[in-house]
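Please look through the sequence and the model before reading on, and keep both open beside this note. The points are meant to be checked against the structure one at a time.

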Amino acid sequence: MSGPLLEITGLTINFGGLVAVDGVDLSVNTGEIVGLIGPNGAGKTTVFNCISRFYEPVRGTIRFKDRDITRARSHEIIRFGIARTFQNVELCRSMTTLENLLVGEHAVMRGGAIRDGLRLRGVGADEARATARADEMLDFLGLTGHRDSVVSTLPFRLQKLVELGRALVSHPGLLLLDEPSAGADHRESQGLADLIRRIRERFDLSVLVVEHDMSLVMGLCDRLYVLDFGRRIATGAPSDVRRNPVVIEAYLGEPELEVSDA
């Protein structure tokens, strides 16, 4: 593969008369953790929804591993190697923690629903391997004690971990994290940053993260992109972005931009 792992060029989408994302360029290189930040309503999650193919851009291209996925179907994206979490947790709430992870496994298993439903040769062995991989992921995320709990009974913080596990069991090359620290206190956010770094190393993947916690992204990300009113207004290393006067102006009234150097 030549060039970036993910490359977005001129991405534009509008909803009626509102231009939500306007000509955005963005790239993620192999092994990078890249942050996408900006005030509320800047278009960050909309970019994620275009990558995931939930939204159809009116202009621009999205390339992943040198493949043009701009017009791909949403269910193909996970098979290409892109997995995500959501700002509001999206789980099968009546299922257990283990069952939710198995849903992520089945999304990329080659057998397909017909083969599984007919219990054709090899299905039992595939299921056993999928369960073993899911159990390994539960152990990695510290969720083994909640393996058989119905996810709707779990605290929000643990539901976020279950959703993260479901994304990881699909073996992505790129992980999209939408507001992973939502509901977390400062100590939990720092623990989350450590976890994301361990995920990058353990699973050899890249991460694109949308986040409002400036302390988290400044200490975690290799590079940042800043959106405001759907346009990219800055990009660069966190140390450069935090001193950018255009970024500071965009964040007026957003005191969390003022983070320490520690």
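The numbered points below go from the whole chain to its sheets, its cores and a few single residues.

1. This is a predicted model, in which local features need pLDDT of at least 70 and side-chain atom pairs count only at pLDDT 80 or more, whereas totals for chains, interfaces and linings use all residues. Residues are numbered from 1 along each chain as its sequence is written, and side-chain values use heavy atoms, with hydrogens and water left out.

2. The protein chain holds ten helices and ten strands; these are DSSP runs numbered from the N terminus, helices being H or I with at least four residues and strands E with at least two. Of its 262 residues, 50% are buried, where buried means under 20% relative accessible area, exposed over 50%, and partly exposed in between, with a 1.4 Å probe and protein chains only. Among contacts with a separation of 6 or more, 67% are between residues 24 or more positions apart, a contact being heavy atoms within 4.5 Å.

3. Strand β9 (residues 223–228) deserves a careful look. With β10 it runs antiparallel, joined by five bridges, and Y225 stands opposite T235 of β10, while D228 has R231 as its bridge partner there. These two strands form a hairpin with two residues between them, and F229 in the turn has a positive phi of about 50°. With strand β3 (residues 33–37), β9 pairs in the parallel sense over four bridges, and V226 of β9 is the bridge partner of I37.

4. Why is β9 largely enclosed by the rest of the structure? Six of the six residues of β9 are buried, so the strand is largely enclosed. R223, Y225 and L227 point one way from β9, and L224, V226 and D228 point the other way, yet all are buried.

5. A second sheet to check is also open, with four strands in the order β2-β1-β4-β5 and antiparallel pairing. Because β2 (18–28) and β5 (67–68) stand at its edges with a single partner strand each, one side of each is left without a neighbour in the sheet. Strand β1 (residues 6–15) is joined to β2 by seven bridges, and E7 stands opposite S27 in β2. Helix α1 packs on this sheet, touching β1, β2 and β4 (59–64), and its direction makes about 110° with that of β1.

6. The largest nonpolar core has 46 residues, of which L164, L175, L195 and I199 touch the most other members; such a core is a set of buried Ala, Val, Leu, Ile, Met, Phe, Trp, Tyr and Cys residues joined through side-chain atoms within 4.5 Å. Helix α6 gives the most to this core, with six residues. At least three residues come from each of domain 1 (1–81 + 172–253) and domain 2 (88–171), the bounds coming from an automatic or database domain assignment. Leaving aside neighbours within four places in sequence, L175 has contacts that include L164, L168, I199 and V207. A second, separate core of 30 residues includes L5, I8, I69 and L227.

7. Apart from neighbours within four places in sequence, E163 is in contact with T85, F86, N88, V89, E90 and L91.

8. Not counting residues up to four places away in sequence, T46 touches I13, F15, A20, V21 and Y55. T46 and P57 are eleven residues apart in sequence, and their C-alpha atoms are 9.8 Å apart in space.

Note on methods: Pairing = 2+ DSSP bridges. Axes fitted to C-alpha atoms, helices over the stretch in contact; angles between N-to-C directions.
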